[in-house]
Amino acid sequence: ISALEHMYQYSLAFFVKLFKQTLARTPSAETVRERCDKLIDATTVNSFNGVCRGMFEHHKPVFAVLLAVAICRQEGAVGDKEWSLFLRGAQGALPEQNLPNPDGTGEWLADDKWDELVVAAESSPA
């Protein structure tokens, strides 16, 4: 996020303090697995809130998307291919299927954007 604004540089001490506060405030659980799940969720929320507190409003959605995608990639819900397609677009790749643009006229949805949507649908897991 420091690429968005040079002021967005958070220290390790900031995150250590945040994590210690999260450990103290997160309720206990009956099993280690439940405790870990609670800590992961609380750490994610507290990190997001702590970082967003010092961000400009127009950068918060960008950070939210980056954090959400990082979580989804960690869980395997978003693969490298989908993430690359999101970042770079289809880069001229043509869809395997020749599906007609439902708009027909191209006024609402340009044909090249329709092709990118089809490529995205073809590359994502079912």
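Okay, the side chain of N101 reaches the backbone nitrogen of D103 at 2.9 Å, a polar contact (a pair of N or O atoms within 3.5 Å; within protein, one must be able to donate a hydrogen and the other to accept it, and residues adjacent in sequence count only if both atoms are side-chain atoms). Before I go on: this is a predicted model, so local features need pLDDT of at least 70, side-chain atom pairs count only at pLDDT 80 or more, and totals for chains, interfaces and linings use all residues. Numbering runs from 1 along each chain as its sequence is written, and side-chain values use heavy atoms, with hydrogens and water left out.

Back to N101. A polar atom of its side chain also lies 2.7 Å from the backbone oxygen of L109. Where does N101 lie? In the loop between α4 (80-88) and α5 (111-123); helices here are DSSP runs of H or I, at least four residues, and strands are runs of E, at least two, numbered from the N terminus. So is N101 buried or exposed? N101 counts as buried, because its relative accessibility is 13%; buried means under 20% relative accessible area, exposed over 50%, partly exposed in between, with a 1.4 Å probe and protein chains only. Leaving out residues up to four places away in sequence, N101 touches G106, L109, A110, D111 and W114, where contact means heavy atoms within 4.5 Å.

Now the whole chain. We have 5 helices and 0 strands. The radius of gyration is 20 Å, well over the 14 Å that the globule rule gives for 126 residues, so the chain is more spread out than a compact globule. That radius is taken over C-alpha atoms, and the rule is 2.2 Å times the number of residues to the power 0.38. Of the 126 residues, 21% count as buried.

What's in the largest nonpolar core? Y8, V51, C52, M55 and F63. Such a core is a set of buried Ala, Val, Leu, Ile, Met, Phe, Trp, Tyr and Cys residues joined through side-chain atoms within 4.5 Å. Not counting residues up to four places away in sequence, C52 touches K60 and F63.

K60 turns up again in a salt bridge with E57 (2.7 Å, N to O); the rule is a side-chain nitrogen of Lys or Arg within 4 Å of a carboxyl oxygen of Asp or Glu. K60 is partly exposed at 22%, while E57 is exposed at 59%.

How many salt bridges are there by this rule? The count is 3. R33 and D37 form another one, at 2.7 Å, N to O, and they sit 4 residues apart in helix α2 (residues 32-52), so about one helical turn separates them. R73 pairs with D80, with the closest N and O atoms 2.3 Å apart.
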